[in-house]
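Visitor: Please take one part of this model and go through it closely. I would like to hear about the pockets and the helices around them.

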Amino acid sequence: PESERDPAYYVMEYMPGGSLQKGMESTSLKGKPKTCIAILRPIAEALDYAHKKNILHRDIKPGNILFDDEGKPRLSDFSIAQGRDPMADLAATVEVSGRDMTIVRPGIEGTLEYMAPELFSLEPQMPATTASDIYSLATLAFEMMTGQLPVARTAATLSKEERYYYYAVQHENDTVLERVNSILDETRPKLHKGYQKVFERA
């Protein structure tokens, strides 16, 4: 009988070190590229492994980077991860909740502050790709190294729809790269000029 079977469950590694989000709130990583890279390298390797298995993470952000008891980072929360199937991505029905999450349009999920520009395109609608994840990782790296985001956060009083269109307009007007370069100029000399080329490419 069904009642006599063991309930379904899965086991996850215990991460007592908390999230990168909480760590960044208590300790600034601004101007500390070596520390940032030490955290980002294993995350990039994990993302590369997922991509080779045809899996898109789609929600890379500080809250989804967890640390074990030795301080080693892990890429977590694959709850909205998806196989690399563009048609399925566009056809999906989105239902998202959480402080930084919002419904944007069918098939596209994520955290607005870290989402790639092409995901805000309505005509034509663009699916998430490995490049979308790489953009999110670069946004995370930029925030860690400068203390700011490529697109400034919106006011908390805005509705979900207003927040979405705010980010869509910022990307559509190509103002993001100007802001990135301006912030990098302010951050030097602690941050080497070579990082600018990396962020521009991403």
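Guide: The residues lining the second largest pocket divide into ten nonpolar, two polar and two charged. This is a predicted model, and the pocket in question has a computed volume of about 290 Å³. Its lining consists of 14 residues, and those nearest its centre are Tyr135, Val176, Leu177, Phe199 and Ala202. Two or more lining residues come from each of H4, helix H6 (176-187) and H7. H4 gives the most, with four residues.

The largest pocket has a volume of about 510 Å³. It is lined by 17 residues, with Ala44, Leu137, Ala138, Ala141 and Val198 nearest its centre. Helix H2 (33-52), helix H4 (130-146) and helix H7 (194-201) each supply at least two residues of this lining. Here H2 gives the most, with seven residues. By class, the lining of the largest pocket has 13 nonpolar residues, one polar and three charged.

Serine 136 is found in helix H4. Its relative accessibility is 6%, and because buried means under 20%, serine 136 counts as buried. Leaving aside residues up to four places away in sequence, serine 136 touches Ile60, Tyr114 and Met115.

The next helix to consider is H5. Helix H5 runs over residues 160-172, and at 1.5 Å a residue its 13 residues should span 18 Å; the C-alpha atoms at its ends are 18 Å apart, so the two values agree. Its buried residues are Arg163, Tyr164, Tyr167, Ala168 and His171. These cover an arc of only 135 degrees around the axis, and therefore lie on the same side of H5. The buried residues of H5 pack against H4 and H6. The face of H5 turned away from the buried side carries Glu161 and Glu172, which are exposed. After H5 comes aspartate 174, with a positive phi near 55 degrees.

H6, for its part, is among the elements that give two or more residues to the lining of the second largest pocket.

Note on methods
Residues are numbered from 1 along each chain as its sequence is written. This is a predicted model: local features need pLDDT of at least 70, side-chain atom pairs count only at pLDDT 80 or more; totals for chains, interfaces and linings use all residues. Side-chain values use heavy atoms; hydrogens and water are left out. On a 1 Å grid over the protein atoms alone, a cavity is a set of points where a 1.4 Å probe fits but cannot get out, and a pocket is an open set with protein on both sides within 12 Å along at least five of seven lines; lining residues have an atom within 4 Å of a point. Grid points are joined across faces, edges and corners, and a volume is the space filled by probe spheres set on the points. Ala, Val, Leu, Ile, Met, Phe, Trp, Tyr, Cys and Pro count as nonpolar, Asp, Glu, Lys and Arg as charged, and the others, Gly among them, as polar. Buried means under 20% relative accessible area, exposed over 50%, partly exposed in between (1.4 Å probe, protein chains only). Contact means heavy atoms within 4.5 Å. The expected span of a helix is 1.5 Å times one less than its number of residues. The arc is that of the directions from the helix axis to the C-beta atoms.
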